[in-house]
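Here is a short report for a first look. Keep the sequence and the model side by side while reading.

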Amino acid sequence: MSRTLKVTLLLSVFVAACLLLTGTGCKKEEPPKPETIVEQAETAVKEAVASIDLCTKCGQVKGTAECCKPDAKKCDGCGLAKGSPGCCKIPKDVEKVTLCTKCGQIKGTAECCKPDAEKCAKCGLAKGSPGCCKLPK
């Protein structure tokens, strides 16, 4: 056998072994599940806004029309706007309160993003959390 033929044969075996070890190349991936435009938009908003700040003076979401409304009814228990996300849920003497948009709980607390937390059927956040059915969509 000539030297060129031996080298060619050896290289062919080497290439074949490399292809077997690394796979043959393109693998078909499952196409992503189709989502509606509304679902895509909701997902994008949730990912973009990972948290929402609450006003510690009234308990409402900062920057909304409800925030620090002068005629809002006050809660007898906490003094914040009755029915606000922060009503009876914001600890006293706190300067800043941030809600997690993934679970609705106050960020940094033990309840935030608990994997076994019961989900609200209506809004999908942790049932009874400050953000449950109260966060803007």
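Which residues form the covered face of S1, and which form the uncovered one? Ile52 and Leu54 make up the covered face of S1. Ser51 and Asp53 make up the uncovered face. In a regular strand the side chains alternate between the two faces of the sheet.

This is a predicted model, in which local features need pLDDT of at least 70 and side-chain atom pairs count only at pLDDT 80 or more, while totals for chains, interfaces and linings use all residues. Residues are numbered from 1 along each chain as its sequence is written, and side-chain values use heavy atoms, leaving out hydrogens and water.

## Overall layout

The protein has two helices and two strands. From the N terminus on, their order is α-α-β-β. Helices (H or I, at least four residues) and strands (E, at least two) are DSSP runs, numbered from the N terminus.

Of the 137 residues, 25% count as buried. Buried means under 20% relative accessible area, exposed means over 50%, and partly exposed lies in between (1.4 Å probe, protein chains only). The protein exposes about 10600 Å², and carbon and sulfur atoms supply 59% of that area. Accessible areas come from the Shrake-Rupley method with a 1.4 Å probe; for residues, only the protein chains shown count as cover.

Contact means heavy atoms within 4.5 Å. Among contacts between residues at least 6 apart in sequence, 42% join residues at least 24 apart.

## The strand pair

S1 and S2 run antiparallel, joined by four bridges. Two strands pair if DSSP finds at least two bridges between them. Asp53 has Thr98 as its bridge partner in S2.

How do the side chains of S2 point? Val97 and Leu99 point one way, Thr98 and Cys100 the other way, and all are buried.

Thr98 counts as buried because its relative accessibility is 16%. Its side chain makes a polar contact with the side chain of Asp53, at 2.8 Å. A polar contact is a pair of N or O atoms within 3.5 Å; within protein, one must be able to donate a hydrogen and the other to accept it, and residues adjacent in sequence count only if both atoms are side-chain atoms. Not counting residues up to four places away in sequence, Thr98 touches Ser51, Ile52, Asp53, Gln105, Ile106 and Lys107.

Gln105 is found in the segment after S2. Its relative accessibility is 14%, so Gln105 counts as buried. Leaving aside neighbours within four places in sequence, the contacts of Gln105 include Thr98, Leu99, Cys100, Glu111 and Cys112.

## The nonpolar core

Which residues touch the most other members of the largest nonpolar core? They are Leu54 and Leu135, in a core of 16 residues. Strand S1 (51–54) and strand S2 (97–100) are the elements that give two or more residues to this core. A nonpolar core is a set of buried Ala, Val, Leu, Ile, Met, Phe, Trp, Tyr and Cys residues joined through side-chain atoms within 4.5 Å.

Leaving aside neighbours within four places in sequence, Leu54 is in contact with residues including Pro85, Ile90, Val97 and Leu99. In soluble globular proteins, nonpolar side chains tend to be buried together.

## Salt bridges

A search of the whole structure finds two salt bridges. A salt bridge is a side-chain nitrogen of Lys or Arg within 4 Å of a carboxyl oxygen of Asp or Glu.

| Lys residue | Glu residue | Closest N and O atoms |
|---|---|---|
| Lys69 | Glu66 | 3.7 Å |
| Lys127 | Glu118 | 3.7 Å |

Glu66 counts as partly exposed because its relative accessibility is 39%. Lys69, at 36%, also counts as partly exposed. Lys127 and Glu118 are exposed.

## Loop and tail details

Asp93 lies in the loop between S1 and S2. Asp93 is exposed, with a relative accessible area of 82%. Its phi is positive, about 60°, although it is not a glycine. Most residues other than glycine have a negative phi.

Cys133, in the segment after S2, has a positive phi near 60°. Cys133 counts as partly exposed at 44% relative accessibility.

Glu95 is found in the loop between S1 and S2. Glu95 is exposed, with a relative accessible area of 76%. The C-alpha atoms of Glu95 and Lys57 are separated by 9.4 Å, and the two are 38 residues apart along the chain.
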